[in-house]
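Morning, everyone. Please have a look at the screen.

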Amino acid sequence: MSTNQLHSLLPVPSGQLQIPASAFTPEESGDSLESPSSVRRSYPLDTKNRIPIGLGNSQILLSMVIPTYNESNNVQLLIDRLSQLLDEAIPGAYELIVVDDNSPDRTWEIATALMPEYPQLRVMRRTEERGLSTAVVRGWQVARGEVLGVIDADLQHPPELLLKLWGEIARGGDLAVASRNVEGGGVSDWSPIRRFLSRGAQTLGLIILPEVIGRVSDPMSGYFMVRRSCIAGQTLSPLGYKILIEVIARGRVPWIGEVGYVFQERQAGESKVTAKQYVDYLRHLIRLRLSLGPIARLFRFGLVGFSGVFVDMAVFYLLSDPTALDLPLTRSKIIASEFAIINNFLWNDFWTFADISSHQPGMRHRLERLLKFNVICLAGLIINVLLLNFLFNVFGINRYVANLIAIAAVTLWNFWLNLKLSWRVTDVN
Ligand code: GDD
Ligand code: MN
């Protein structure tokens with residue numbers, strides 16, 4: 001490989017997976033492959049009907065990222081077909097970014113060798129990181145386009161559909177998704193198992209993350225394009241294959257357009273999907289569930305409350321059980337609750353409300369919050385003790401069942417009051 005070709009590889013970004021608000025310019029990387037001025041100077045764009053609504057005046061309008069791993073038999077054909085299409089539609093105003101994870105079949109070398117023939121082609125070779133969705137985000141991080149897209153390299157996603165996706169953006173869409181589950185969509189000959197797994201995965205997503213998965217008919221799609229402004233500045237943390245879910249969950253995409261397509265059979269090479277991808281998908285759903293919106297914060301508060309139940313019960317047992325210290329019920333209950341309150345406070349301060357407490361640093365602020373949290377929980381504790389005694393002494397309900405009911409009744413009360421008083425979310429936003 002000649003030194004010039006070597007130097008033409010794109011720099012691999014590191015650190016957070018965050019998309020810059022403005023397009024990446026080669027000057028920043030000292031990349032000498034294609035001088036931006038030549039693109040600007042040599043080709044005025046006549047795209048009256050082709051510049052989508054609301055796009056800036058960047059020269060590069062569309063950046064398509066092509067994640068590759070062992071696609072040496074597919075990459076040339078794909079690049080050729082995409083270039084033909086885009087040279088026709090938005091000449092000089094697009095770029096293709098191959099992001100290869102150091103494929104053993106040297107796909108990155110084949111792609112790099114194609115660059116002289118395809119001036120819009122850029123190649124990144126990652127040696128430290130691996131994974132489809134992070135490859136896509138790294139590609140978007142060095143992209144210069146106002147619209148960021150992704151397409152698989154194995155021609156299972158029909159390149160021709162790209163213009164229809166572009167059309168959705170041109171009409172004002174924020175996100176345009178190729179879907180197998182709308183009119184004109186489908187899969188070629190998938191085994192019943194794979195159909196079941198795909199539909200099952202979607203249903204699971206609808207249960208765990210309805211507000212995200214429910215927004216599109218094919219949340220598993222790996223073929224789409226999104227306006228940079230919709231995801232710029234958001235820290236993405238995808239897991240495994242499902243980058244689209246991450247974009248919808250963390251981005252601001254009010255207008256989503258969908259275009260039907262038939263997922264083709266792979267002509268060359270192997271699918272890299274393994275059981276790991278399904279586990280990653282589940283982990284991804286849970287990670288998003290725990291980090292999205294007020295529901296997530298209540299979810300975390302609830303989990304912390306749950307841990308407090310164990311602390312409460314363990315200390316309550318040690319103090320009050322006849323076989324242990326056999327201390328009086330109410331005294332044992334108050335001490336046990338205080339242990340649980342301190343446990344819950346620490347978890348809430350370092351996790352549930354971490355984004356807020358980090359804005360109020362220092363021990364003094366922390367003690368203030370602990371005091372407020374304690375007062376609010378104490379009020380809850382009083383209700384808790386009254387309810388426990390009422391259920392135990394009046395209705396004769398088992399002491400542990402009565403204790404659980406009392407704790408559940410108080411959790412929502414505690415969450416709402418602490419949200420409003422101890423961590424004062426409104427102050428920060
Ligand atoms: N850089 C990089 N790193 N690329 C990868 C990696 C990786 O670790 N793993 C896979 N790829 C590339 C492949 O080379 C291919 O271009 C693309 O990602 C998709 O991989 P496949 O293994 O062919 O996936 P699939 O066909 O089973 O599933 C695809 O289609 C589904 C339906 O749209 C993926 O796009 C799925 O995300 C999607 O759900
Ligand atoms: Mn594939």
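Let's begin with helix α13. It gives the second largest pocket the largest share of its lining, eight residues. Keep in mind that this is a predicted model.

How big is that second largest pocket? Its volume is about 400 Å³. The lining has 25 residues, and those closest to the centre are G305, N344, I407, T411 and N414. By class, the lining of the second largest pocket splits into 13 nonpolar, 10 polar and two charged residues.

Now the largest pocket. The volume here is about 920 Å³. Its lining is made of 41 residues. Nearest the centre you'll find L132, Y241, K272, V273 and Q277. Which element supplies the largest share of this lining? That is α12, with five residues. Helix α12 spans 275–289. β1, α6 and α8 (192–208) also supply at least two residues each. As for class, the lining of the largest pocket has 17 nonpolar, 12 polar and 12 charged residues.

So what takes up that space? Ligand 1 does: the space it takes is the largest pocket.

On to the ligand itself. Ligand 1 is surrounded by 28 residues. The closest are E71, D101, R130, M220 and K272. Two elements each give the shell at least two residues: β1, at 62–68, and α6, at 132–141. Sorted by class, the shell around ligand 1 holds 11 nonpolar, seven polar and 10 charged residues.

Start with R266: an N or O atom in its side chain is 2.9 Å from an oxygen atom of ligand 1. Next is Y241, where the corresponding distance to a ligand oxygen is 3.0 Å.

Last item: how much of ligand 1 does the protein cover? On its own, ligand 1 has 730 Å² of accessible area, and the protein covers 98% of that.

That's my tour. Over to you for discussion.

How values were computed. Residues numbered from 1 in each chain as written. Chains lettered and ligands numbered in written order. Predicted model: local features only at pLDDT ≥ 70, side-chain atom pairs only at ≥ 80, totals over all residues. Heavy atoms only, no water. Near = heavy atom within 4 Å. Polar contact = N/O pair within 3.5 Å; in protein donor to acceptor, adjacent residues only side chain to side chain. Areas by Shrake-Rupley, 256 points an atom, 1.4 Å probe, with all protein chains shown as cover. 1 Å grid on protein atoms, 1.4 Å probe; cavity = no way out; pocket = protein on both sides within 12 Å on 5 of 7 lines; lining within 4 Å. Sits in = over half its atoms within 2 Å of the grid points. Helix = DSSP H or I, 4+ residues; strand = E, 2+ residues; numbered from the N terminus. Nonpolar A, V, L, I, M, F, W, Y, C, P; charged D, E, K, R; others polar. Points joined across faces, edges and corners; volume = space filled by probe spheres on them.
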